[in-house]
Amino acid sequence: MCRVCRRWRRLVKDQRLWRTVDLSTWKGVTTRILWVLLRQYLGHGLRSLRLRGLLLSARGGAFLSEPWLQALTSKCPRLSRLSLLHTDLRGLRSCSLMPPTLQVLELHGCELPPGFFTQSPSGASEPACHQATAANPKSAGNKQLTPSSPGIGIKTLILDNVPSFTNQHLQSLSSWGQLTRLELRDLIRVTAAGLRGCAPPGLRSLSHLKHLEMDTWSRQQMAALGLGEGWAGLEGLGLGGREVSPGMLCLSRLPDLRWLRLRGCRLTEMMVLRSCRSLKELRQLEFWQVEFETERGGELEGGAEEGQDGGEEREEGEREERSDNDPVPNLRRSLATLLPKCSVLFTQCTVTSNQD
């Protein structure tokens, strides 16, 4: 334990760590070490905390406990961001046991119990505040009787490679009145039907959600097809990997979209133009690590000699105009005409020529 304390004392010499503490690189952190760090080193100034659990450790065992979370709540009243890596949360009854000051919760490679995202620690699907409001409508304005009062005031939820996260977990987020941003990455049990069931309007809808990101790299889930019936109020959408193609088929049903990011996929100029032509409110379009495919002479008709010469000249001119910040100048010009109020950003994109 003295070795851990000496290591921690060296870290806290940097005063910035009082606000942001990252222990995700510590592979030997146990519950006992967590208690030592909390009692002796963490304090009121802590804003962000990142921890690595014991799921991949040979010793295993419990990591976070209810008493430790209660102590964290009282010792660090300004904690707004908590990031957990490889942590087994199946010993906790509910997410409402987390510090009520949290605004951002990140779960990477964690395991969850079935009712983790319910409002009540007892696992009840309906908080008691709904019964009190129904009995006394005049008390509806009391802040203590709102659905978010049990302590779940989280605005941003990031889920990355959480195998136990299911459609039921997704639907239980409908009671989170503060949730405006949701990022779903490599969730193998979330389906298009589950996402469709959360689209507003509906009893289990995520009506407050403004920003949604979906990335899938391991297998073909096509959960983004759940956006096919529209999502009222959705202003930001990020699609990555295998979710790009099915998600682009649904863009015409998202008229409120103002921000769109496409990442880690193959696209053609025609695919982008056809999918985005109805997004009149779009203000920013981002391409991250996208491979654009261009067809030689693809715009020609009948293979006419003059058309071929013109196509070759256009291709040569476009190749000279290309740069890292503007790899597909023709696409940028077409988007500027189609969506004049939208800015376009390319990051680490490449262009390949399809000779077929």
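Select F165 to begin: this residue is buried, with a relative accessibility of 0%, where buried means under 20% relative accessible area with a 1.4 Å probe and protein chains only. The model is predicted, so local features need pLDDT of at least 70 and side-chain atom pairs count only at pLDDT 80 or more, while totals for chains, interfaces and linings use all residues. Residues are numbered from 1 along each chain as its sequence is written, and side-chain values use heavy atoms, with hydrogens and water left out.

The whole structure holds 6 aromatic pairs, a pair being rings of Phe, Tyr or Trp (its six-membered ring) with centres within 6.5 Å; planes under 30 degrees apart are stacked, over 60 edge-to-face and the rest tilted. F117 and F165 form an edge-to-face pair, 5.8 Å centre to centre with 75° between the planes. Their positions lie 48 residues apart: F117 is in the loop between strand 4 (104-108) and helix 4 (128-135), and F165 in the loop between strand 5 (156-160) and helix 5 (167-172). Helices (H or I, at least four residues) and strands (E, at least two) are DSSP runs numbered from the N terminus. F117 is itself buried, at 1% relative accessible area.

Next, display the surroundings of F117. Beyond its neighbours within four places in sequence, F117 is in contact (heavy atoms within 4.5 Å) with residues including C95, L107, I152, F165, H169 and W176. One aromatic cluster comprises F116, F117, F165 and W176.

Of its 90 residues, L107, F117, F165 and F287 touch the most other members. Helix 2 (residues 31-40) gives the most to this core, with 4 residues.

Move to W288, where R261 lies over the ring face at 4.4 Å from the ring centre; the criterion is NZ of Lys or CZ of Arg within 6 Å of the centre and within 35 degrees of the ring normal.

C276 is buried at 0% relative accessibility.

Finally, colour by pLDDT, the predictor's confidence in each residue from 0 to 100. The mean is 82, and 76% of residues reach 70 or more. Residues 123-150 are below 50, and residues 297-307 stay under 50. Where pLDDT is low, the predicted coordinates should not be read in detail.

Notes: Buried means under 20% relative accessible area, exposed over 50%, partly exposed in between (1.4 Å probe, protein chains only). A nonpolar core is a set of buried Ala, Val, Leu, Ile, Met, Phe, Trp, Tyr and Cys residues joined through side-chain atoms within 4.5 Å.
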